[in-house]
Amino acid sequence: MESDCRIPVACCRPRVLVLHALFWGLVSLRVFGAALLSEEKTTAGKPAVAPCWLLEEFVVTTVCSECNAFQATSWSACGYTGYVERVNCTKSNRDEYKSCRSAVMEEHLFWKFEAAMLALTVLFSMVVVVRQRWLDRLASEKVRRQIESI
């Protein structure tokens with residue numbers, strides 16, 4: 001009598017398990033290492049003085065708009081989202097630029113996410129159908145062999 005376990009025996013061999021552990025260890029090291037490196041870069045590149053809109057109340061004087069090519073390279077506020085708004089701090093009465101998230105950009109990102117999820121749904125549905133057909137073929141072959149042996 002065969003086991004109903006669908007995990008192939010080859011996946012449980014120590015060499016395969018060690019290779020899996022090594023692979024996922026390297027992937028996680030790469031991801032966490034990149035996160036730590038980017039954290040170090042952002043803290044090292046920050047100016048000593050915080051922007052006024054972090055410390056006090058502010059009023060938005062110019063609505064969120066997309067940065068042009070010059071602004072994207074010269075203003076640090078444009079680097080985060082590609083959109084910037086002009087704010088006036090109430091206490092210090094300074095005008096500064098603040099990165100913002102545009103509604104158009106958010107809608108665009110939402111539809112990109114929806115398209116990616118739809119594509120993944122179709123892909124994995126096809127994988128499930130192909131795998132089920134393969135397993136059905138294996139089961140029918142097993143039954144055919146059992147019948148032939150009688």
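This note goes through a predicted model point by point, from confidence to strands to salt bridges.

1. **Ground rules.** Residues are numbered from 1 along each chain as its sequence is written. Local features need pLDDT of at least 70, side-chain atom pairs count only at pLDDT 80 or more, totals for chains, interfaces and linings use all residues, and side-chain values use heavy atoms, with hydrogens and water left out.

2. **Confidence.** The protein has a mean pLDDT (the predictor's confidence in each residue, from 0 to 100) of 82. Of its residues, 82% reach 70 or more. Confidence is lowest in helix α1 (residues 14-45), with a mean of 70. It is highest in helix α5 (residues 103-149), at 94. Helices (H or I, at least four residues) and strands (E, at least two) are DSSP runs, numbered from the N terminus. Where pLDDT is low, the predicted coordinates should not be read in detail.

3. **Strand β2 and its partners.** Strand β2 spans residues 83-89. It pairs with strand β1 (residues 58-66) in the antiparallel sense, over 6 bridges. Pairing requires that DSSP finds at least two bridges between two strands. Tyr83 in β2 is the bridge partner of Glu66. β2 also pairs with strand β3 (residues 95-99), again antiparallel, over 5 bridges. Here Arg86 stands opposite Tyr97 in β3.

4. **The hairpin.** β2 and β3 form a hairpin with 5 residues between them. Asn93, in the turn, has a positive phi of about 60 degrees.

5. **Burial of β2.** This strand is mostly covered: 6 of its 7 residues are buried. Buried means under 20% relative accessible area, exposed over 50%, and partly exposed in between (1.4 Å probe, protein chains only).

6. The whole structure holds 6 salt bridges. A salt bridge is a side-chain nitrogen of Lys or Arg within 4 Å of a carboxyl oxygen of Asp or Glu. One of them joins Lys98 and Glu85, at 3.7 Å from N to O. Lys98 lies in strand β3 and Glu85 in strand β2, so the pair ties together parts that are 13 residues apart in sequence. Lys98 is buried, at 17% relative accessibility. Glu85 is buried too, at 12%.

7. **Other salt bridges.** Arg94 meets Glu96, with the closest N and O atoms 2.3 Å apart. Arg94 is partly exposed at 37%, whereas Glu96 is buried at 17%. Arg101 pairs with Glu106 at 2.4 Å, N to O. Arg101 is exposed at 52%, and Glu106 is partly exposed at 34%.
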